[in-house]
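Dear colleague,

Please find the structure below, handed over for your own analysis. A short account of what was found follows it.

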Amino acid sequence: MGLTIIPRSATDDATLSSVPAAVASLPVGNLQLSDRGLVARWTATSVEVKANLPTPRRVGGVVLWRHKLTTAATWRVRIYDGVDFTGALQWDSAVTPAVPAKTLGDLDWGIDPLGAPIDGADYSYLTLPADVVCRSVRIDIVDAASTSIEIGRLFAGPLIRPEHGFAWDSELSWERETTRSRMAGGGLRVESTPPWRRLRLQLEWITDDERSAFANLLRDTGDSREMWLSARGGAGGRLEADHALLGVLATNAPLTRRQGFRHTLPIDIEEA
């Protein structure tokens, strides 16, 4: 699957509701807000989140970001072409594990069973074979191993899937704001913020057919709005998890025409 991008969320202005209702102080509407301090929370082991879109929208990927689901959790996404889950069922993911599994190389042999999920993975995402035009999205989440369900962000929208991947010299880093000072006794005092990821990629072969999608990304999303990026889709395990993030472009770099049919674009994205 390789590189996949959701350049904008189609559900940020949707009418959201849930069964059961979320905790009053942490409502379902928090799923539409970009703020690490805000979450939606339910005191239940299962929840149905419903999104009615104000107009027909394209959706090719669905992301739950910054959740606290356990390794036993599952989710299911259904997308309809009518409001309130009417009309044709455009896509059904079926019941799927919510936390990605470890690959053989990720396993702690002698401790982890085969197929063990990645501990601490705080996101779930699904991609469709192709974008569908829809008016409502239903997400069913079950986490029998927990007494509550907490999710920070819902991000669903159209996909950009370039035919060619990025150059081999990609960079992944964990960055912090760190302050260091020497104490009177000579010891070193270090204070730092929680880390965030930064991913740098170089797209060397954007075709003419793909150029307009990336131009729209730079114009409409740019370096001021969130986008979803998975650079190692299909790799599985920690490699895929480390290279998947909801973030904001650090710079709105230029889309450069190299040849009549080829364009290049550097992507520098910081985790939101």
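**Core and cavity**

I267 is in contact (heavy atoms within 4.5 Å) with I5, L199, R200, L201, L203, L229 and L249, leaving aside its neighbours within four places in sequence. This is a predicted model, in which local features need pLDDT of at least 70 and side-chain atom pairs count only at pLDDT 80 or more, while totals for chains, interfaces and linings use all residues. Residues are numbered from 1 along each chain as its sequence is written, and side-chain values use heavy atoms, with hydrogens and water left out.

I267 is also among the residues with the most contacts inside the largest nonpolar core, together with I5, L201, W228, L229 and I269. That core has 34 residues; a nonpolar core is a set of buried Ala, Val, Leu, Ile, Met, Phe, Trp, Tyr and Cys residues joined through side-chain atoms within 4.5 Å, where buried means under 20% relative accessible area with a 1.4 Å probe, protein chains only. Apart from it lies another core of 32 residues, including A51, I79, I151 and L154.

A cavity is a set of points on a 1 Å grid over the protein atoms alone where a 1.4 Å probe fits but cannot get out, and lining residues have an atom within 4 Å of a point. The largest cavity has a volume of about 40 Å³, that is, the space filled by probe spheres set on the points, which are joined across faces, edges and corners.

Yours sincerely

Notes: Buried means under 20% relative accessible area, exposed over 50%, partly exposed in between (1.4 Å probe, protein chains only). On a 1 Å grid over the protein atoms alone, a cavity is a set of points where a 1.4 Å probe fits but cannot get out, and a pocket is an open set with protein on both sides within 12 Å along at least five of seven lines; lining residues have an atom within 4 Å of a point.
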